[in-house]
Amino acid sequence: MSNAGRKILIEIKDFYVSFGDKSILKGINFKLYEGECLALIGASGVGKSILLRSMVGLEKPSRGKIFIEDEDVTHFTESEFIKVRKKVAYAFQGGALFQSMTVYDNLAFPLRAHTQLNESSIEKIIKKELDDLNLAGCEEKYPQELSGGMQKRVGVARSIIMSPKIILYDEPTTGLDPYNTRNMENMILRLQKRGATSILVTHDMLSAKRVCDRVALLLDGDIRARGAPQDLEKSHNKLLNHFISGTKGGY
């Protein structure tokens, strides 16, 4: 998919994150275009999740800029980030559900807090989201009664229930069986067809190739390779080839 003439929804400029003396991200630059899905790949601990969390104000950069639809949100306060999170959803790796609420009430929470929908309309929306993710029948269960994979899917359902413009997925297929992995992939593709733009942090190269338009490899604090999934096997970038093949090499 060509990005010519498409609107830039997120732009990261000269982005650094350090914790004490440890530098995690070292001058990240990238753009996310309207309607695309970008896979962000790389080994564990390289800062992929930190980069996503920074886009919704859960981490602060040491220096650099984050633009969401041309608005610099880098130094937004927590209250200012509330409006950002209505259009940029973050699907946490572990689900991040309210343990004291049922699945139904977890999903209803953002709809009740941020819309004027009546309970009948909320119920219809929740039923559809649960059906789409093969979760029908678990409305009255509590998170601790669900498997880890089910909690992850409920967390994704809650993150998308407000129909956000941008969705940040943090390892959405980790811990899922092949059947529910395909369910998750199909859901991401459906949302793209409805106009959603997304970043997919993943180690699952098969999922990345199935659903993403571009892939970016994060290594040693910077993006060291990027391109379309179909070009991955033809790449001469040794770092990318080592990651895809699962061999250590120079990675």
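A: Asparagine 106 lies in helix 3, which covers residues 103-114; helices (H or I, at least four residues) and strands (E, at least two) are DSSP runs, numbered from the N terminus. Before going further, please keep in mind that this is a predicted model, in which local features need pLDDT of at least 70 and side-chain atom pairs count only at pLDDT 80 or more, while totals for chains, interfaces and linings use all residues. Residues are numbered from 1 along each chain as its sequence is written, and side-chain values use heavy atoms, with hydrogens and water left out.

Asparagine 106 counts as buried because its relative accessibility is 0%, where buried means under 20% relative accessible area, exposed means over 50%, and partly exposed lies in between (1.4 Å probe, protein chains only). If its neighbours within four places in sequence are set aside, asparagine 106 is in contact with Leu97, Phe98, Met101, Pro143 and Arg158, contact meaning heavy atoms within 4.5 Å. Within helix 3, the buried residues are Val103, Tyr104, Asn106, Leu107, Ala108, Pro110 and Leu111.

Helix 5, made of residues 148-160, packs against helix 6 at an angle of about 10°, and their axes are 12 Å apart; axes are lines fitted to C-alpha atoms, for helices over the stretch in contact, and angles run from 0 to 180 degrees between N-to-C directions. Helix 5 is therefore roughly parallel to helix 6, since angles under 35 degrees count as roughly parallel, over 145 as roughly antiparallel, 65 to 115 as roughly perpendicular and the rest as oblique. On the helix 5 side, Arg153, Val156 and Ile160 take part, and they meet Asn180, Met184, Met187 and Leu191 in helix 6. The residues of this contact between helix 5 and helix 6 divide into five nonpolar, one polar and one charged, under a scheme in which Ala, Val, Leu, Ile, Met, Phe, Trp, Tyr, Cys and Pro count as nonpolar, Asp, Glu, Lys and Arg as charged, and the others, Gly among them, as polar.

Helix 6 (residues 178-193) lies across strand 3 (37-41), strand 7 and strand 8 (197-201), and runs at about 165° to strand 7. An open sheet of six strands has the order 6-7-8-3-9-10, with mixed pairing, and two strands pair if DSSP finds at least two bridges between them. The edges of this sheet are strand 6 (88-91) and strand 10 (222-227), each of which pairs on one side only. On average, neighbouring strands of this sheet are turned by 20° against each other, direction ignored. Strand 6 and strand 7 (residues 166-170) run parallel and are joined by four bridges, and tyrosine 90 stands opposite leucine 168 in strand 7.

Proline 229 is buried, with a relative accessible area of 3%. Apart from its neighbours within four places in sequence, proline 229 is in contact with Ala208, Lys209, Cys212, Asp213, Arg214 and Val215. Although proline 229 and histidine 114 are 115 residues apart along the chain, the separation of their C-alpha atoms is 37 Å.

Cysteine 212 is itself buried, with a relative accessible area of 7%. Its closest cysteine sulfur belongs to cysteine 37, and because the two sulfurs are 3.1 Å from each other, they are too far for a bond; a disulfide is taken as a pair of cysteine sulfur atoms within 2.5 Å. In general, a disulfide is a covalent bond between the sulfur atoms of two cysteines. By this rule the count of disulfides in the model comes to zero. Another cysteine, cysteine 138, is also buried, with a relative accessible area of 3%.
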